[in-house]
There are 2 protein chains.
Amino acid sequence: MSKQDEVPYKIYLAEHEAPTAWYNMRADMKQKPAPILNPGTGKPVTPEELGHVFCDELVKQELDNDTAWFPIPDEIRKFYRMFRPSPLVRAYFLEKALGTPAKIYYKFEGSNTSGSHKLNSAVAQAYYAKAQGLKGVTTETGAGQWGTALSMACAFFGLDCRVYMVKCSYEQKPFRREVMRTYGASVTPSPSMETEIGRKINAEHPGTTGSLGCAISEAVEKAVTTEGYRYVLGSVLAQVLLHQSIIGLEAKTAMDKYGVKPDVIIGCAGGGSNLGGLISPFMGEKLRGEKDYRFIAVEPASCPSLTRGRYAYDFCDTGRVCPLQKMYTLGHDFIPSANHAGGLRYHGMSASLSELYAQGLMEARAVEQTSVFAAAQQFARTEGILPAPESSHAIRAAIDEALRCKAEGKEETILFGLTGTGYFDMVAYQKFNDHEMSDYVPTDAELEASFAKLPKIG
Amino acid sequence: MSKQDEVPYKIYLAEHEAPTAWYNMRADMKQKPAPILNPGTGKPVTPEELGHVFCDELVKQELDNDTAWFPIPDEIRKFYRMFRPSPLVRAYFLEKALGTPAKIYYKFEGSNTSGSHKLNSAVAQAYYAKAQGLKGVTTETGAGQWGTALSMACAFFGLDCRVYMVKCSYEQKPFRREVMRTYGASVTPSPSMETEIGRKINAEHPGTTGSLGCAISEAVEKAVTTEGYRYVLGSVLAQVLLHQSIIGLEAKTAMDKYGVKPDVIIGCAGGGSNLGGLISPFMGEKLRGEKDYRFIAVEPASCPSLTRGRYAYDFCDTGRVCPLQKMYTLGHDFIPSANHAGGLRYHGMSASLSELYAQGLMEARAVEQTSVFAAAQQFARTEGILPAPESSHAIRAAIDEALRCKAEGKEETILFGLTGTGYFDMVAYQKFNDHEMSDYVPTDAELEASFAKLPKIG
């Protein structure tokens with residue numbers, strides 16, 4: 001009997017074992033992510049410039065490539081106690097159903113009301129906004145998890161919260177809107193007629209169901225034109241990956257406690273916040289040459305930024321009001337096919353993760369949504385948790401890796417991030433249950449047309 | 001600093017601390033609940049008679065008023081590890097928001113995919129059905145939590161699951177239906193045209209939105225007329241309260257660990273499964289004269305079985321196909337007003353709880369739904385969890401008790417059951433958010449008309 005057979009089904013760290021600082025992976029990268037550029041000057045943005053958009057403390061975190069550890073303020077640690085430490089689960093039932101010699105673990109971030117890991121960063125960003133004396137914040141949301149998380153955090157700290165929700169999600173998920181309203185947030189479908197950029201996008205693309213890129217443009221415009229407001233973002237940014245490192249730090253502490261070392265670490269990847277957070281401390285060890293791991297980013301085949309995108313400077317938003325980041329991108333006005341369900345619909349990828357991928361420190365794969373929902377259903381029936389479509393991308397890859405282990409007779413240990421629950425995704429599940437779900441993969445010609453609009457830099 | 005200030009925000013028992021047997025409160029009752037009667041003979045039902053409807057092992061549990069402890073089979077304990085032990089949470093944030101000297105704890109049963117405590121009994125009932133070699137089970141569901149729980153349990157044990165869902169919930173909650181289908185269950189709106197009783201109810205009450213009582217009749221009819229099927233029920237029955245004792249046993253173990261004794265224990269009450277389960281071990285101590293506690297059952301003012309019902313023999317279902325139970329009842333064809341949101345819509349109350357209430361061992365109060373949703377909103381914004389409307393009845397009473405403690409300057413300890421989450425109740429939340437929710441309390445004349453139909457027994 002190996003030591004791993006004694007691991008309980010769920011590992012909950014005690015509150016006193018919870019991390020007290022976030023880990024900044026960039027500090028251990030020899031080749032740092034490329035600097036964020038001001039599209040007007042073509043030069044790296046200054047803290048002053050970013051300070052018009054983001055809270056001051058978050059600007060510092062965004063631009064700091066050197067500090068490895070950021071202490072977590074007490075107020076944030078208190079809020080974390082509401083829903084953290086989150087459980088690390090040993091997927092005994094799934095292992096048995098697959099008949100695999102692999103040991104599968106998942107870090108489950110879905111048992112809070114936002115339904116996902118997004119709350120980890122929402123709390124931090126709301127706290128810093130409040131500490132700076134702001135009145136409120138604006139943001140965008142796609143699948144709705146980030147908007148819900150932010151509305152919860154704003155209710156707690158007494159901040160106004162204005163959410164631009166990608167129109168197709170707004171229509172498919174009216175209940176998400178009501179959760180946000182229950183927490184006191186205002187929710188507007190994007191593109192709206194409330195902002196200049198919204199009116200422009202509506203005029204150019206009549207009937208568009210929106211994209212994260214559009215919604216970001218609207219939220220940023222609203223923030224910079226409203227006194228006492230700043231913009232906050234739920235993924236992509238380095239500051240968000242910093243806050244999300246809590247996922248990986250807890251997972252690593254729990255595994256270390258039982259002497260378990262993962263061989264493969266898997267996360268779904270939209271903007272990269274969950275994946276970046278989960279892999280952080282493990283990647284740190286790899287960067288410092290202490291240990292080796294395989295990392296796999298899993299993205300939708302309908303929005304394949306890492307596997308089919310260009311590593312280039314691009315705008316973070318469709319409206320081109322945001323700075324430029326060097327990242328794997330499908331082009332700033334790429335919008336996934338309307339048949340794509342759920343989140344993971346951002347056109348780009350976190351700059352840090354893009355750089356790690358470019359250096360060959362991480363793998364990536366794209367999966368089609370019908371195979372993702374098949375994995376979701378199998379997981380629900382064996383492990384009992386109804387996963388979010390986003391999270392199910394990681395499940396798909398974890399199952400595939402476990403089946404590879406079975407074929408090769410290898411007893412590897414797999415860790416994946418189960419970022420959230422699918423309670424608000426039942427329209428998509430219904431399509432799958434009724435055998436009406438289809439796949440769409442963008443053609444090379446479509447992507448080339450999108451790449452042609454990339455800004456010319458350097 | 002009192003000892004209670006050192007209690008963590010959440011107490012998770014380790015898996016080895018989990019209860020290994022269910023506790024049967026009836027064993028310690030001097031005056032037992034009145035026997036279940038066969039409506040045809042007017043005599044107590046025999047195990048053989050009940051065996052046509054329920055699994056054999058569950059019949060034994062149902063009729064056993066003497067055995068105090070039932071060991072939990074290994075297969076059930078394994079399944080419990082998926083979602084249990086559930087957390088006991090100290091409501092530090094709510095206490096602070098209320099400015100109360102009271103210490104508030106809640107046992108949170110909502111962090112599993114069924115969204116409620118119902119899974120505790122669903123697993124047990126599915127297990128015994130499988131062990132008996134059955135093909136499948138039938139049941140009814142109102143708010144949808146029980147149907148979801150049962151579909152999860154049936155998927156796990158490989159049983160067919162047929163759910164009759166109260167029509168108004170079926171229409172208000174299409175996503176609940178999809179969760180059940182994702183777990184492989186078939187879901188039919190009730191009253192349907194599939195059963196004799198369903199056709200009869202539809203003919204007599206055209207356009208009815210259904211009731212739990214109707215749906216029970218349909219599910220029972222289907223079970224007794226289909227080879228290899230039995231009927232299972234999510235509340236009311238003594239066997240269900242037995243399985244739900246896991247809630248109270250875990251809560252008591254966690255509180256004992258920190259030397260905390262609750263003064264007041266509060267649960268919402270529809271059929272009584274959550275309340276009966278939560279109070280079980282505490283009531284046991286009260287019945288044995290070891291300790292004293294206040295117990296409060298909280299029910300909707302629109303379906304007030306304990307506070308305004310008759311303590312009499314009545315049918316468990318509208319169609320009068322089920323046996324008779326002595327219980328607090330509003331009459332077997334009482335249907336709550338259509339403006340009543342959520343569950344807690346059963347016309348009667350568990351026989352054990354009815355007897356305890358009749359003996360003055362438990363209090364009861366009825367609350368109106370607008371005040372319930374106000375409590376739900378306050379709780380969501382302070383404690384972070386979006387509660388089910390049902391659970392919010394207990395929150396309402398807990399807040400009221402905490403405010404009483406504040407007014408009286410008393411440092412009492414309050415424990416309440418937070419049975420589930422409200423993710424599938426956003427239609428009701430939307431009404432509340434839009435200030436369109438109203439209250440309806442049945443008139444005395446309405447209740448008298450309903451009581452007139454009670455069967456004449458003894």
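This briefing covers the interface of chain A and chain B and the aromatic pairs in the structure. The model is predicted. The contact takes 44 residues from chain A and 44 residues from chain B, and the area buried between the two chains is about 4,000 Å².

**Interface make-up**

- Carbon and sulfur atoms give 60% of the buried area.
- On the side of chain A, the residues that lose the most area to chain B are Phe175(A), Thr182(A) and Tyr423(A), together 18% of what that side buries.

**Polar and charged links**

- The rule finds 2 salt bridges across the interface of chain A and chain B.
- Asp434(A) forms a salt bridge with Arg181(B), with the closest N and O atoms 2.7 Å apart.
- Across the interface, 24 residue pairs are in polar contact.
- Elements of chain A that give two or more residues to the side touching chain B include helix H3 (74-80), helix H6 (145-157) and helix H17 (426-433).
- H8(A) provides the largest share of that side, 6 residues.
- The chain A side divides into 23 nonpolar, 10 polar and 11 charged residues.

**Aromatic pairs**

- Over all chains, the search finds 45 aromatic pairs.
- Phe79(A) and Phe156(A) pair edge-to-face, 4.7 Å centre to centre with 85 degrees between the planes.
- This pair links helix H3 and helix H6 of chain A, its residues being 77 residues apart.
- Phe79(A) is buried at 1% relative accessible area, whereas Phe156(A) is partly exposed at 21%.
- Phe424(A) and Tyr423(B) have ring centres 5.8 Å apart and planes at 70 degrees, so the pair is edge-to-face.
- That pair crosses between chains, and both Phe424(A) and Tyr423(B) are buried.
- Ring pairs also link residues of both chains into a cluster, among them Tyr9(A), Phe93(A), Phe79(B) and Tyr80(B).

Notes:
Residues are numbered from 1 along each chain as its sequence is written. Chains are lettered from A and ligands numbered from 1 in the order in which they are written. This is a predicted model: local features need pLDDT of at least 70, side-chain atom pairs count only at pLDDT 80 or more; totals for chains, interfaces and linings use all residues. Side-chain values use heavy atoms; hydrogens and water are left out. Contact means heavy atoms within 4.5 Å. Buried area is the accessible area (1.4 Å probe) that two parts lose on being put together, summed over both. A salt bridge is a side-chain nitrogen of Lys or Arg within 4 Å of a carboxyl oxygen of Asp or Glu. A polar contact is a pair of N or O atoms within 3.5 Å; within protein, one must be able to donate a hydrogen and the other to accept it, and residues adjacent in sequence count only if both atoms are side-chain atoms. Helices (H or I, at least four residues) and strands (E, at least two) are DSSP runs, numbered from the N terminus. Ala, Val, Leu, Ile, Met, Phe, Trp, Tyr, Cys and Pro count as nonpolar, Asp, Glu, Lys and Arg as charged, and the others, Gly among them, as polar. Rings of Phe, Tyr and Trp (its six-membered ring) pair if their centres lie within 6.5 Å; planes under 30 degrees apart count as stacked, over 60 as edge-to-face and the rest as tilted. Buried means under 20% relative accessible area, exposed over 50%, partly exposed in between (1.4 Å probe, protein chains only).
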